[in-house]
Amino acid sequence: MSTKFLKFSILLVFAITFASCKDKAAEANTSDAEAAAVSESTSQKYTVNVSESAIHWKGFKPTGTHTGTINLDNGIFKTDDGKLQSGTFLIDMKSITVTDLESGNGKESLEAHLMGTVEGKEGDFFNVTKFPTAVFEITGTESIAAGKTRLSGNLSMVGQKHNISFPVTITNENDMMTIESDSFTIDRTTWGINFKSKSVFDNIGEKFINDDMELKIIVKAKKA
């Protein structure tokens, strides 16, 4: 009986892990940091509307997922002949919010752990006291399909900078520009966020957290 139960438990863990992994988005291309893109002095400037912009995130573990949002602090983009050419936006890491848990049912404790405001666990994830902001700076754009652009940029967080590229849809309506990415994943260990990573630590069994972190970026900016 115990042998059958053990086999069933192992199969259940594999089933849950497979179900979690198959729902993940495509991984962004990641490489070394590059020089930021530069626009002409005559370029049109757009200022990010932070109240209508956000980064949606999803984290994975064998028993399920957690979801949440992160706000932007500020940002500026520039266009040449109506096409996005350069820009930077700051991410307010102190605004990390968990959306799949109710208040009083683990929401606040998970948010505090992610932000590193729990004594003794400051460096597990984002350590917002030491690194209160992350930065994304555009390094290039490339048309890849009708209505789709591959956006490349340096993502700096927790003191490390790497270049990522992913598909986005850019729309312009009146004086507003919207940049909305497809969902994509990045490997958090590339930025040294190694807490409970099975690829970094041995002997943690099924108590690991997946290296892949899924992101979806929505940025709205108004013509200056």
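# Exercises on pockets, core and aromatic pairs

The largest pocket has a volume of about 620 Å³. The model is predicted: local features need pLDDT of at least 70, side-chain atom pairs count only at pLDDT 80 or more, and totals for chains, interfaces and linings use all residues. Residues are numbered from 1 along each chain as its sequence is written, and side-chain values use heavy atoms, with hydrogens and water left out.

## Exercise 1

Describe the lining of the largest pocket.

Solution. Start with the term: on a 1 Å grid over the protein atoms alone, a pocket is an open set of points where a 1.4 Å probe fits, with protein on both sides within 12 Å along at least five of seven lines, and lining residues have an atom within 4 Å of a point. For the volume, grid points are joined across faces, edges and corners, and the space filled by probe spheres set on the points is taken.

Next, list the residues. The lining holds 40 residues, and Trp-57, Gly-59, Leu-114, Phe-125 and Ile-209 lie nearest the centre of the pocket.

Then assign them to elements, where helices (H or I, at least four residues) and strands (E, at least two) are DSSP runs numbered from the N terminus. β3 (54-61) gives the largest share, five residues. Among the elements that each supply at least two are also α2 (107-115) and β11 (212-223).

Last, sort by class: 27 are nonpolar, seven polar and six charged. Here Ala, Val, Leu, Ile, Met, Phe, Trp, Tyr, Cys and Pro count as nonpolar, Asp, Glu, Lys and Arg as charged, and the others, Gly among them, as polar.

## Exercise 2

Solution. β5, β6, β7 and β8 (160-173) each supply at least two of its residues. By class, three are nonpolar, seven polar and two charged.

## Exercise 3

Find the residues that touch the most other members of the largest nonpolar core, and follow the contacts of Met-157.

Solution. A nonpolar core is a set of buried Ala, Val, Leu, Ile, Met, Phe, Trp, Tyr and Cys residues joined through side-chain atoms within 4.5 Å. Buried means under 20% relative accessible area, exposed over 50%, and partly exposed in between (1.4 Å probe, protein chains only).

The core has 41 residues, and Phe-77, Phe-126, Met-157 and Ile-186 touch the most other members. Strand β5 (residues 83-98) contributes the largest share of this core, six residues.

With contact set at heavy atoms within 4.5 Å, Met-157 touches Phe-126, Ala-134, Ile-186, Trp-191, Ile-193 and Met-213, not counting residues up to four places away in sequence.

## Exercise 4

Classify the ring pairs Phe-89 with Phe-136 and Phe-125 with Phe-195.

Solution. Rings of Phe, Tyr and Trp (its six-membered ring) pair if their centres lie within 6.5 Å; planes under 30 degrees apart count as stacked, over 60 as edge-to-face and the rest as tilted.

The structure holds six aromatic pairs. Phe-89 and Phe-136 are 5.3 Å apart centre to centre, with 25 degrees between the planes, and the pair is stacked. Phe-89 lies in strand β5 and Phe-136 in strand β6, so the pair ties together parts 47 residues apart in sequence. Both residues are buried.

For Phe-125 and Phe-195 the centres are 5.2 Å apart and the planes at 65 degrees, so this pair is edge-to-face. Phe-125, at 10% relative accessibility, is buried, while Phe-195, at 21%, is partly exposed.
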